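Colleague: I would like to learn how to read pockets in a structure. Can you walk me through it?

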Amino acid sequence: MKELSQVLAEQITEALCRLAGEKGVSPEDLPRVALERPKREGQGDWATNAAMQAAKLFGEKPRDLAQRLVDTLAEDENSYVERAEVAGPGFVNFFLNRRWQKDVLVEIFGKNEDYGRNQSGAGKRVQVEFVSANPTGPLHVGHGRGAAVGDAMAAILEFSGWTVEREYYINDAGLQVDNLGRSAQSRYFELLGKTDLAPFPEDGYHGEYVKELSAKIVEEEGARFLSVPLDESLDFFREYACRVILDSIRTCLEEFGVRFDVWFSEKSLYTNDAVPRMIERLRERGFAYDADGAVWFRATAFGDEKDRVLIRSNGAPTYFASDVAYHKDKYDRGFDLVINVWGADHHGYIPRMRAAVEALGRDPDDLQVLLIQMVNLLNGGEQVTMSKRSGQFVTLSEILEEVGVDATRYFFLMRRSDSHLDFDLQLARSARAENPVYYAQYAHARICSIFREAESRGVVLPRPEEFDVNILATPEEDQVLRKLALFPEEVDKAAREFAPHRIVYYIHDLATAFHAFYNAHRILGEESPLQEGRLLLGQAVRLVLANALKLLGVGAPEKM
């Protein structure tokens with residue numbers, strides 16, 4: 001079944017075509033019918049400005065054409081429109097009949113786990129690269145928010161027909177990894193009582209985890225590095241520390257329900273000559289040149305204030321060069337769209353990367369960036385800032401231990417990713433309606449409980465196709481049906497706008513509508529067919545809640 005808005009748009013288009021035939025206007029010249037939700041209560045379910053757009057073509061005043069459109073729709077017995085009103089300079093507001101509500105129920109039960117799925121991305125490939133934390137320490141809450149956003153975004157795109165690949169970019173080259181190696185090396189000698197042999201680096205990593213991995217090196221390797229020059233043993237400490245930390249990152253993410261298809265090593269860009277090939281591509285297109293012994297990207301051609309260095313005069317590539325080469329590699333792998341999930345501090349870097357993408361010959365819109373703002377961690381309203389293990393920040397693992405996967409993922413996704421987020425651990429642990437994830441999951445569990453009781457009583461649900469939807473006549477029931485119908489639309493918007501938080505908003509609205517219905521009306525114990533009709537409505541809510549929660553990677557418990 002098509003989305004309700006799509007069916008309504010087609011019905012309006014058919015009515016316009018009939019009017020066009022009367023005027024001798026070619027249907028091919030008609031504007032596309034666009035629908036929007038009215039901004040105020042009482043203005044109907046949908047509105048269109050189609051009459052205003054087509055008025056000049058018809059040679060009529062917009063309001064006159066709008067009224068003729070309304071009259072023509074009223075003649076269609078199969079229309080979803082109960083009544084329509086002309087408003088303002090020529091808008092048409094539509095109030096829908098009950099027929100569409102039955103069609104929604106039929107679609108939900110016909111599709112089950114596929115209700116809400118669409119094919120807007122069919123035949124296209126997208127890569128979502130997220131987390132990509134330096135393997136220099138445990139994941140903190142900011143990384144966790146990025147993990148939840150990236151994974152949910154990937155799931156929503158998959159639900160919208162895209163072929164999705166999740167990727168983690170391992171920053172295993174450069175100064176930060178060197179500092180990690182030197183930190184582990186220094187702690188190793190400190191554990192052996194030889195602090196003076198390898199002073200702790202000024203920009204070293206002070207967390208307890210560095211001492212722990214250095215202790216493992218002592219356990220596995222003994223004191224053999226006491227007789228090896230520092231520069232010669234640094235490679236071992238650097239690679240060992242990176243491997244151990246990356247393994248812990250991988251384990252933490254798997255506990256969080258996040259799995260990657262590809263773990264891409266930054267070092268591979270240099271072993272595979274990706275950087276020289278990228279520069280050659282830019283030279284061919286006139287966007288790379290030599291000056292002052294360095295290789296430059298002609299960023300000013302794309303509005304940047306100055307050109308940017310790719311290869312320094314000493315022959316060392318910049319971080320920017322690595323990033324451009326990495327993105328060229330992404331597009332060379334055949335992705336139609338690349339989505340990066342970055343920290344908010346990378347905001348100023350986006351125009352430069354989009355310029356580089358354009359310089360490589362791609363549409364800059366083939367790169368989309370979701371920014372992750374800071375998480376303000378609270379416990380009962382009190383600020384939480386420090387972690388004993390990391391030395392600087394609260395780790396994702398600590399959050400998971402405190403509140404679990406479901407609450408953590410849900411809280412991270414509750415707001416736009418580029419807005420600050422207050423995450424109260426005490427609230428996330430609580431079993432009360434003020435806890436948004438509990439509120440949503442309890443709606444699902446409550447329906448499951450009702451159905452267990454109904455089954456014990458031998459109640460049998462009617463077939464949706466045979467059900468008289470007019471039985472569900474109360475305002476609360478109508479509101480639930482309207483929310484159920486919105487799910488495909490919300491999935492499509494979340495995919496197109498790269499906005500997974502929309503699904504959280506939708507879940508809250510649907511759960512609110514169901515709780516209001518449940519508190520106002522009995523389900524079990526009513527006379528047939530009202531009892532069965534309300535059970536059918538509850539089952540539809542359960543199916544849609546489960547589908548929506550699954551997109552977020554959040555469970556739909558049957559008991560709580």
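Modeller: We will go through the pockets of this predicted model.

Colleague: How is empty space found?

Modeller: A probe the size of a water molecule is rolled over the atoms, and this shows where empty space is left.

Colleague: What is the volume of the largest pocket here?

Modeller: The largest pocket holds about 1,400 Å³ of space. Its lining has 47 residues. Closest to the centre are His140, His143, Gly343, Asp345 and His346.

Colleague: Which elements give two or more residues to that lining?

Modeller: Three helices do: helix 5 (141-159), helix 6 (175-191) and helix 11 (319-332). Strand 11 (337-343) and strand 13 (375-379) do as well. Helix 11 gives the most, with five residues.

Colleague: How does the lining of the largest pocket divide by class?

Modeller: Count 23 nonpolar, 20 polar and four charged residues.

Colleague: What is the volume of the second largest pocket?

Modeller: About 670 Å³. Here 26 residues form the lining. Arg37, Glu41, Asp45, Lys483 and Leu486 are the closest to the centre of this second pocket.

Colleague: Which elements give two or more residues to the lining of the second largest pocket?

Modeller: Look at strand 4 (91-96), helix 17 (475-496) and helix 18 (501-520). Helix 17 supplies the largest share, eight residues.

Methods:
Residues numbered from 1 in each chain as written. Predicted model: local features only at pLDDT ≥ 70, side-chain atom pairs only at ≥ 80, totals over all residues. Heavy atoms only, no water. 1 Å grid on protein atoms, 1.4 Å probe; cavity = no way out; pocket = protein on both sides within 12 Å on 5 of 7 lines; lining within 4 Å. Points joined across faces, edges and corners; volume = space filled by probe spheres on them. Helix = DSSP H or I, 4+ residues; strand = E, 2+ residues; numbered from the N terminus. Nonpolar A, V, L, I, M, F, W, Y, C, P; charged D, E, K, R; others polar.
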